[in-house]
Amino acid sequence: MSKSEQDVEADADAVERLQVRRWRFEQFIELGFSESVSAMLAEAHVDLSLVRRMMAAGCPVETASRIVL
């Protein structure tokens, strides 16, 4: 693989990671977290399904963020 092919692949990986982080951010926003907390949760690779289960069980947003961060 040439250097330019490696650069293109690296760029594609970076774009994909950014898209995943953006999607995760949006998911946390929909769950009721603030923008700043949602950004931290998305960046920290917090288990989104765990947070969804916590919220479904009635865990307040503030408590959930303290538990998982």
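Helices here are DSSP runs of H or I with at least four residues, numbered from the N terminus. A word on the source: this is a predicted model, in which local features need pLDDT of at least 70, side-chain atom pairs count only at pLDDT 80 or more, and totals for chains, interfaces and linings use all residues. Residues are numbered from 1 along each chain as its sequence is written, and side-chain values use heavy atoms, with hydrogens and water left out.

Let us go on to V46, which sits in the loop between helix 2 and helix 3. V46 counts as buried because its relative accessibility is 7%; buried means under 20% relative accessible area, exposed over 50%, and partly exposed in between, with a 1.4 Å probe and protein chains only. Setting aside neighbours within four places in sequence, V46 is in contact (heavy atoms within 4.5 Å) with R24, F28, L41, V51, V68 and L69. For V46 and V68, 22 residues apart along the chain, the C-alpha atoms are 6.6 Å from each other.

V46 also belongs to the largest nonpolar core, which has twelve residues in all, among them F28, F33, L41 and M55. Such a core is a set of buried Ala, Val, Leu, Ile, Met, Phe, Trp, Tyr and Cys residues joined through side-chain atoms within 4.5 Å. Helix 2 (35–43) and helix 3 (48–56) are the elements that give two or more residues to this core, and helix 3 supplies the largest share, four residues.

Now look at helix 2 itself, where V37, S38, L41 and A42 are buried. Viewed down the helix axis, the buried residues of helix 2 lie within an arc of 135°, so they line one face; the arc is taken from the directions that run from the helix axis to the C-beta atoms.

The structure also holds one aromatic pair. It is formed by F28 and F33, with ring centres 5.9 Å apart and planes at 85°, so the pair is edge-to-face. Rings of Phe, Tyr and Trp (its six-membered ring) pair if their centres lie within 6.5 Å, and planes under 30 degrees apart count as stacked, over 60 as edge-to-face and the rest as tilted. F28 is buried at 0% relative accessible area, and F33 is buried at 4%.

Finally, F33 is touched by M55, which also meets L31, V61 and A64, not counting residues up to four places away in sequence.
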